[in-house]
Amino acid sequence: MAAEHYAVSTVKRHPIDVRIAHWVAAISFILLAISGLALFFPGFFFATGLFGGGETARFLHPWIGVALVVSYLVLFGRFVASCLFGRDDITWMVRATDVMSGREENLPEIGKFNAGQKLYVWGMAILFVLLFASGLIIWHAYFSTFTSIEVQRYAVLIHSLVAMLAIFGFIIHVHMVTWEPGTLRAMISGTVTAGWAFKHHRKWLREVAAGRN
Amino acid sequence: MANFEFVLPPPPTANVTPSFGEADLIRRSASHVPEPARKLTEVAKLIDVSKCIGCKACQVACLEWNDKRIPVGENLGSYTIPEDLTPDMFTLMRFNEWVNPQTQDLEWLIRKDGCMHCADPGCLEACPAPGAIVQYSNGIVDFDHDKCIGCGYCVEGCPFNIPRISKVDHKAYKCTLCSDRIAVGQGPACAKACPTHAIVFGTKEEMKQHAEERIKDLKSRGFTNAGLYDPPGVNGTHVMYVLNHADQPELYSGLPRDPAISPIVHIWKGAVKRYASLAAMAALVIGAIVHHVAVGPNGNTAEDEEKGRELLDRKGR
């Protein structure tokens, strides 16, 4: 493959503010998952050592949550216009087998984001709203007196269930990036190759080429 | 028997080895303990509300023994001071004025609130920090502040609303049943200070027997609903009450009628949910790897690059 020389054109995909917000959110999410799972699974409590012990993990977790919410607000604000669903998204979802097999020739041409990515952006937005709301309720240092203990019991249950769903989503998200080579650079240098865009987001590439995006 | 007085022994003057410790744990939060070699006799504190005169000597003794001080309070129209349990005030006399509809008598119902030392402690079930909450085979439920991380889950776990989180060191505090005193043959400080023996301490069996006598006496005086409060919902407690209106525990400043660990806490802490979520996470990761290997990476070809570039050159047409 290395012997194959061909000119590669690149296309700008994510500007710097989006990339910074993405990595703040990603690192926050990973830290939240580790500290959260450590408080959820007794066998994983040792992981609080990464934060300097159980007390610091307990102290940091909600503040990292605030960082996640703020960075995700930026991301969501920049993405939402490209994440509105259309008829093509239904076709994409119906042909899930083709999606998972990488047979993109059987799928409609895709804009900036495919239906899976749109679902992820919206899904995480909903989960983060639930996590943030339930998290505030059980943030004892500041908010313990605002709700009844019964409400706090529901909040702690919802918080752990929703966190699990978010972790499932995160695993799928990371998998999709590694499964499609050439995707990660969109969030590092901010550019993708024209070939990557041609294969995965042809409609978006047309828009970019026409200077419309 | 009727003259049986629970006089607690004078403090020892020589060094005493504690009579129980780590080896007697039957439960330890977020971790397992080996089956203890011996089983201690269960102890209990019995609080007879009908004998209580509301002097608050127990509160003072509690502050004194635990070396705590609370700020001078304000009169909020009730004898209950401070207003509520605090991280420093582990026990609190709660005063309620109630007109008995049958006799039209004004009854002053005083209950000494504090940790009940449940046989099934909700705080311990909820606690995520290994060893921060422990239960000894004599029934004492104790907090180990070095291991407490201050998350407040014990507050959610407790069916009696007892633990309080300190704003100073962010750790959970509650009555220890004076585990340190009991370990050297002393009774709890509150029982020691109580001038009317409304608070007595001994083995759980002795306390139940004593309660029976007290209930018999109360019934003979017209309190037909007198009874023992040892709620089965938490498998019994190691702090029990003799109530003159045991049919209406709520009268005593909201003593719960049928306390139990909340089902929400059971679901949250349940092993099923725990292992199911762990299995789902593992399945997703394995599924992702299998998918990657089976389908192969979904990359683009040199031809795609060519076509993509052409498309750019044609300005999208």
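**Exercise 1.** Find which helices of chain A the buried residues of H1(A) pack against.

*Solution.* The partners are helix H2 (54-79), helix H7 (149-179) and helix H8 (185-188) of chain A. Helices here are DSSP runs of H or I with at least four residues, numbered from the N terminus. A residue is buried if 20 or more other C-beta atoms, placed from the backbone, lie within 10 Å of its own, exposed if 12 or fewer, and partly exposed in between. Contact requires C-beta atoms, placed from the backbone, within 7 Å. The buried residues of H1(A) include A:Ala21, A:His22, A:Ala25, A:Phe29 and A:Leu32.

This is a predicted model: local features need pLDDT of at least 70, side-chain atom pairs count only at pLDDT 80 or more, and totals for chains, interfaces and linings use all residues. Residues are numbered from 1 along each chain as its sequence is written, and chains are lettered from A and ligands numbered from 1 in the order in which they are written.

**Exercise 2.** Classify A:Leu127 as buried, partly exposed or exposed, and list its contacts beyond four places in sequence.

*Solution.* First, locate A:Leu127: helix H5 (residues 115-137) of chain A holds it. Next, A:Leu127 is partly exposed because it has 19 C-beta neighbours inside 10 Å. Its contacts, neighbours within four places left aside, are A:Val162, A:Leu165 and A:Ala166. Finally, A:Val162 lies 35 residues from A:Leu127 in sequence, with 6.3 Å between their C-alpha atoms.

**Exercise 3.** Compare the span of helix H8 (residues 271-295) of chain B with the expected value.

*Solution.* The expected span is 1.5 Å times one less than the number of residues. After H8(B) comes B:Gly296, with a positive phi near 85 degrees.

Conventions: Helices (H or I, at least four residues) and strands (E, at least two) are DSSP runs, numbered from the N terminus. Two residues are in contact if their C-beta atoms, placed from the backbone, lie within 7 Å.
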